[in-house]
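Please keep the sequence and the coordinates at hand while reading.

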Amino acid sequence: MALVDLEYDLDEALKRENLSRDDLSKLREPPIPGVPTNITDKQLAHFLNACGKVEEARKVIKIYYEARKNSPELFSGRDPNRNEVQKCLQSQDYFYLPLNPQGYHVVFHRLSDYKISSYHFENAIRTYFMLVDTCLSKQGPRPGIIFLFDMKGVSLGHLTRVRISTIRKFFHYVQEGLPAKLSAIHVLNVVSFFDKVLALIKPFMKAEIFKVLHLHNSDLKMEEFYEKYIPRSSLPSDFGGDCPSVAEMHEAFTKELLGMKDYFLSDDRMIYGDEKVEKAEEVEHKFTKLEID
């Protein structure tokens, strides 16, 4: 399978973000150990824009590929039709929103099925990173990215499904290897036991990321939220925003994700090799056949 590139317009993005093709070339030479030589200019532009400097971008690119290769439970098997991904899409909401007025990405995630048995942490993280990758592919390099989570329906039982090792890998990737600048994390409908959640995640959070973590209770005054953080233009109608409802946006994203299948399979092959991807596809095919039978 040929390499499938990101979808955004590179020339427009270079001009908008004031990036140079000379710097993209400098990211390639000398080759970075462990980084595929066929990495595209569109991929490189994300790293350059997030880091600002060539040398820093080269470090992040290396970490990006190391993190993905060392965490196959989070980054491999990303066929949108795969059973584990489909179960996540059926029990949780995932989508990205229109850019905010400052041009930042906004990505949204929450539970839609509150049953503890429906939640699998590693699969949810894998699907979430598929959401982030789709957002970056479609919207291109931007000044930053905002993570927007809604804790409605989350119970203490869900915490029993969480693995410390996966939390560590999640924060290592988003803080050290993400090809975008994480500008803010907003958590809506914060649960009463968030102190227990914080005890799990804080040891893995850098001080600068902890500073941009914003917690919002269920009695949040939305007008203040619109003015201070995310305006109506970048929020679903469920939160008083101008966008379609959460259900509608999730449905639209689910269809869009299916259209990204070739990209995800191409990316899997570049990182893990043809043999491993083909084996995963074979196992998934047998599993699906058993379910149908």
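Two residues are taken to be in contact when heavy atoms of theirs lie within 4.5 Å. The model discussed here is a predicted one, and the domain assignment of the protein gives domain 1 as residues 8–70 and domain 2 as residues 83–254. With the contact rule in hand, 15 residues of domain 1 are found in contact with 18 residues of domain 2, while the centres of domain 1 and domain 2, taken over C-alpha atoms, are separated by 25 Å.

The interface can then be described by its area and by its polar pairs. About 1,300 Å² is buried between domain 1 and domain 2, with 57% of this area on carbon and sulfur atoms. Across the interface of the two domains there are six residue pairs in polar contact, with both residues at pLDDT 80 or more. On the side of domain 1 that touches domain 2, at least two residues each are supplied by α1 (10–17), α3 (41–51) and α4 (54–69). The rule for salt bridges finds one across this interface. A salt bridge is formed by Arg-68 and Asp-133, whose closest N and O atoms are 3.0 Å apart; since the rule asks for a side-chain nitrogen of Lys or Arg within 4 Å of a carboxyl oxygen of Asp or Glu, a distance of this kind is what decides such a pair.

For the model as a whole, the count of salt bridges by this rule comes to 25. Glu-7 and Lys-138 also meet through their side chains in a salt bridge, at 2.7 Å from N to O.

The strands come next. Five of them form an open sheet with mixed pairing, in the order β1-β2-β3-β4-β5. Its edges are β1 (92–97) and β5 (213–215), each of which pairs on one side only, and neighbouring strands are turned against each other by 15 degrees on average, direction ignored. Within the sheet, strand β2 (residues 105–111) and strand β3 (residues 145–150) run parallel and are joined by six bridges; Val-107 stands opposite Phe-147 in β3. Helix α6 (residues 83–91) lies across β1 and β2, and the direction of α6 makes an angle of about 85 degrees with β1.

Which residues does a cis peptide bond join? They are Glu-29 and Pro-30, where omega is about -5 degrees, and Pro-30 has its place in the loop between α2 (21–28) and α3. Another backbone detail is found at Asn-18, which has a positive phi of about 60 degrees although it is not a glycine; Asn-18 is placed in the loop between α1 and α2.

How values were computed: Residues numbered from 1 in each chain as written. Predicted model: local features only at pLDDT ≥ 70, side-chain atom pairs only at ≥ 80, totals over all residues. Heavy atoms only, no water. Pairing = 2+ DSSP bridges. Helix = DSSP H or I, 4+ residues; strand = E, 2+ residues; numbered from the N terminus. Axes fitted to C-alpha atoms, helices over the stretch in contact; angles between N-to-C directions. Domains from an automatic or database assignment. Buried area = accessible area lost by both parts, 1.4 Å probe. Polar contact = N/O pair within 3.5 Å; in protein donor to acceptor, adjacent residues only side chain to side chain.
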